[in-house]
Amino acid sequence: MNKNSSNIMALAPNTSNKRETVCIFGTGDFGRALGHKLIQSGYPVVFGSRSTQTSSLIPKDAEVLSHAEAAQKAAIIIIAIQRQHYNFLTPLAEILHGKVLVDISNNLKINQYPESNAEYLAQLVPGAKVVKAFNTVSAWALQSGTLDASRQVFVCGDDMEAKQMVMDIVRALGLTPLDQGSLLAAQEIENYPLQLFPMWKFPILLSLGLIAFFFFYCLIRDVIYPYVYENKDYSFFIAISITNRICPISALILLALVYLPGVLAAIIQLYRGTKYRRFPDWLDKWMLCRKQLGLVALAFASLHVLYTLVIPIRSFVRWRISSQTVSQALNNKTEPLNTTNAWLSDSYVALGILGFFLFVLLGITSLPSVSNNVNWREFRFVQSKLGYLTLVLCTAHTLVYGGKWFLSPSSYRWYLPSAYMLSLIIPCTVLVIKFVLIFPCLDRPLTRIRQGWERNPQYPE
Amino acid sequence: MNKNSSNIMALAPNTSNKRETVCIFGTGDFGRALGHKLIQSGYPVVFGSRSTQTSSLIPKDAEVLSHAEAAQKAAIIIIAIQRQHYNFLTPLAEILHGKVLVDISNNLKINQYPESNAEYLAQLVPGAKVVKAFNTVSAWALQSGTLDASRQVFVCGDDMEAKQMVMDIVRALGLTPLDQGSLLAAQEIENYPLQLFPMWKFPILLSLGLIAFFFFYCLIRDVIYPYVYENKDYSFFIAISITNRICPISALILLALVYLPGVLAAIIQLYRGTKYRRFPDWLDKWMLCRKQLGLVALAFASLHVLYTLVIPIRSFVRWRISSQTVSQALNNKTEPLNTTNAWLSDSYVALGILGFFLFVLLGITSLPSVSNNVNWREFRFVQSKLGYLTLVLCTAHTLVYGGKWFLSPSSYRWYLPSAYMLSLIIPCTVLVIKFVLIFPCLDRPLTRIRQGWERNPQYPE
Amino acid sequence: MNKNSSNIMALAPNTSNKRETVCIFGTGDFGRALGHKLIQSGYPVVFGSRSTQTSSLIPKDAEVLSHAEAAQKAAIIIIAIQRQHYNFLTPLAEILHGKVLVDISNNLKINQYPESNAEYLAQLVPGAKVVKAFNTVSAWALQSGTLDASRQVFVCGDDMEAKQMVMDIVRALGLTPLDQGSLLAAQEIENYPLQLFPMWKFPILLSLGLIAFFFFYCLIRDVIYPYVYENKDYSFFIAISITNRICPISALILLALVYLPGVLAAIIQLYRGTKYRRFPDWLDKWMLCRKQLGLVALAFASLHVLYTLVIPIRSFVRWRISSQTVSQALNNKTEPLNTTNAWLSDSYVALGILGFFLFVLLGITSLPSVSNNVNWREFRFVQSKLGYLTLVLCTAHTLVYGGKWFLSPSSYRWYLPSAYMLSLIIPCTVLVIKFVLIFPCLDRPLTRIRQGWERNPQYPE
């Protein structure tokens, strides 16, 4: 009987405007916003509410009925009510039998309840076909029509046909449905809109720490030291000179930290002689945010490039070069070309350019649409081979930059070495360990371990 | 009987090459191209045509039969005929009963007919299962095999099984089928290939207007004025100097115009005391093309960066600096370092770099694959918080650039203020209004309105 | 009977943890890795093996049974065995009847066998529902949980329900299933993980050839020649000056090679008077890798931009400018501004900036996520109109760069013209032919041919 009534509903509007009536339980903000949008898209909408009094907030063309009456008018019922009040649906179980219930609810915290709201709804009304959808869309965006953000609507449910009906509504509203499988996926779909860049927290905190440390380090060496000993005011160095020292240092350290967990993992596996034991938790977490670490490093590297390229435009640099030239002219002497200097300066710049170029390539391949178009072998080639080449080039860039002054005592101020020397510690460590791991006596057992071999199998195979 | 014959068709080829025969009605260019491609992919192809005479244009391995005969040979019939001639299918209705009809037609104008071609076809042959597909692919691309462009084929239809069969053919041709839902989507699919960057028209026209206005403005101030009063030929300024003034000005104005509709909408909502009334049409349209406005602004900003970085390479700049230095040397005087100037110059450059960096970040997050991977909360954080920070940095960059000359009378030529001053009007207005709107006395009611509260509800809730 | 047992399996775990038992045939590395991951995701796992002795390698919570016993415990059986050993499944055919068999195998070479492994499996066990999946995922990535690369799992199979079940497992493991249609797609899915940038081979080899040729060409002209005749050591030119000559030359030649096959194809079609004959094989292949050629050209152009922007930072350039200024000061003369030079220098830089800007735009539109969002008309507009404009701007940039010295005898060293002159040959040829093809007397017949018209149809139409 129930099914019949919904079939009649389905046929009637087909002749006029082809859209089936949609019922919305709840007249809250999201329910009303969805109602507005559905009516705009040509769907007849009926609201189910405790009080059947129409309010100005409810779209004019919508009917407001009691829950039971409204439910009987439509095959699809959108539950725009918070999870805590789902209980009121239990008495309606018979009317809701065979209907498609769309759970659109969100929680306030990740994993707030043991089971997802949609699964809870399915337990309360066992006869209904529950579909999870729309929870990733905001009422404001629906209302204003300006959906700049993702138009994707994750949909999941156990009944294929019910899911199809909901996906058609999603499409009719101008959004893109994404089938996420059975109702088991509801938990993840409900957690999705609650997160705010979860993988980025550690890389960003780490880089803020690096910035703070190296800012004060460079401030002491480059601004306070000359002020104390030479009484010169170089405070304007803060704007560009010091920033342009913090950026490359942070970029190099972060890039090395992308490859450090890989070599640590190799050492642990070699030591344990098996790949079948879990890594320590901190290493697992570190490995999972390598991509984010690398992208933050790329951001710093890009800033470094921009800060370096504006050097000749800076009025301080123009003044310094001009006064050097004037003093040369006044002293009536011309310096000959120093070929060694030319070699050093050109090759450190060239190494930097090549390193940055490869770094940008790595960044481009980590764009979702690009990495989805390469297979695992291609991805590994780019991220591992090109990645290490980038690290080698950037480390060499820093080493050649140091050039002649490297480890010379005059570059120590207050016993503090230049900042770029500190930045070389981690990259050089990573490269040395990696170099050692390439030797056949270590590479061969490692490869076997990664293919599933064990040094001390507990049972004979 | 009909169904039987198609079943026999389906079984027979399965043993040899596994592909079912496909019938194509119409031997026009697209029909032939599709036939060629289907034969290449191993499908037996039969053409249905008025004249059954084979022409050299028709692929050799294809049969050409009358419409009725051809239709009986296959379960899938591709209608490669223009909508105006669909009438000839009416007499074939009995033969076409139960068959899958693939509508591949396109129109010449958007929304040319009240109903889509596919829906019209479904009305003409009610017994057939109509599927819309292939209309977004070009014959030339199919023929030449060089499908550089999108390999996506939008597919829609009411019958799941029929849709599945067509999607399998699409995949076999090396294309990617995209299920767009029921036949209701056909209208949109038919409009899709007709549009040429519809959202970009307004931003591009606006920026062309800005370019034209500021080009003549700068030409008068920077080329004609010195020519008239100092008789100097600075016409070469057009290539770089003037362009590098137009670009940042246009970028800043366009960036401010991205955020202006948002503050206007807030004012309107505060004034009306409700969010449930539609914005004026121009505001709606403006809000919908904000992303495009922002990307055009980013393009101008990128050009500005490039034009700025090449400054030291320009022969004019080299000549000016060199002659300044020579005259200093000849006058035997050395200028001391002006720390205030160094601060101003460095900080305006640093502000510009940071602003541009954030701007590029915004641009990257607006890439479809990136914005699909962030949830609504993350997108809003980036586009709103980072967006306003970008606007603040870029406006500050322009203000500090002006620096000491700002509002000084000597910078007026023919009573015209510097162009960069004009560019500051809109950004400063937006920032001031936004700053006012942040005050709790305005922010609190606005937040409540956006959550669905009304100041003057017509009915008590 | 068989079906019943699987139904019981499906119901039993649903009450506790909702996951159905999965059976894995084979205890090799990939089988174990998948088992680990399945158990982590809450699936009961049972291994089917020749020897039922548990080894430490096998996850603790998994049962190890004989193949026949294991198969009866689950509705889904993952075949983690190499294709050569599939024969052992033939005796199990009765037990496997109605089960879902998941083929996860890979080959060592592309198209190693006439039919795909999955199709071979379907032939061996005709009563089972074969689904191809998981072959694009690596065991190492599964095991370590660090799936940086693509999370996409291609799934294909003839039985919709079986495919749905496998796709749900894929989703439960945190991967993204991609439905590729029927089992016909298995061949392509098996070839997918074996390829390593197949379309990039030719462009990269070509550009390596160009680099090698122009490196030695410039080395002779710019380093060896001055060393022989003027005894000057300009070897440091290798780091930046010569690289910055190779990059723009390669970029321009490769960009022209993107558009050369298009004009060749037009000439061939005009000559033949038809579009219905295949192009020569080399032209087809060339056309297919145009996108890759263009992206390599863009990479060279980007390097050229970086190498050009660092010019004022180079210590050699600083030395040269400073010594020129000093000698001017010492000779007590100031050069007047040469307006022609300023025009030439500024316009060649401006042309380069605009050309590079358009080139980057072209590169952005070739990102998969962007090109999927534009229709064919928009893509053609960007790639063809903007593409030619880019080529015109870049060629003009090179021509104006040559400027006054163009074809002057003093620029020939050892009868070798400047390298940039060589780079102009192909672009100018392409542009001249394209210009000729635009004339109506050629454009009109070409358009008609591309719309399907033939000059000499063999049969009257």
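Ile224(A) is partly exposed, at 35% relative accessible area (partly exposed sits between buried, under 20%, and exposed, over 50%, with a 1.4 Å probe and protein chains only). This is a predicted model, where local features need pLDDT of at least 70 and side-chain atom pairs count only at pLDDT 80 or more, while totals for chains, interfaces and linings use all residues. Residues are numbered from 1 along each chain as its sequence is written, chains are lettered from A and ligands numbered from 1 in the order in which they are written, and side-chain values use heavy atoms, with hydrogens and water left out.

Back to Ile224(A): this residue lies in helix α9, residues 201–230 of chain A (helices are DSSP runs of H or I with at least four residues, numbered from the N terminus).

Now for where chain A meets chain C. Here 68 residues of chain A are in contact with 59 of chain C, contact being heavy atoms within 4.5 Å. Between the two chains about 5,800 Å² is buried, with carbon and sulfur atoms giving 64% of that; buried area is the accessible area (1.4 Å probe) lost on putting two parts together, summed over both. The count between chain A and chain C is one salt bridge, that is, a Lys or Arg side-chain nitrogen within 4 Å of an Asp or Glu carboxyl oxygen. Arg314(C) pairs with Asp346(A) in a salt bridge, their closest N and O atoms 2.7 Å apart.

What about disulfides? Over all chains there are zero, a disulfide being two cysteine sulfur atoms within 2.5 Å. Cys394(C) has its closest cysteine sulfur, in Cys428(C), 12 Å away, too far for a bond. Cys394(C) also counts as buried, at 15% relative accessibility.

Key
Helix = DSSP H or I, 4+ residues; strand = E, 2+ residues; numbered from the N terminus.
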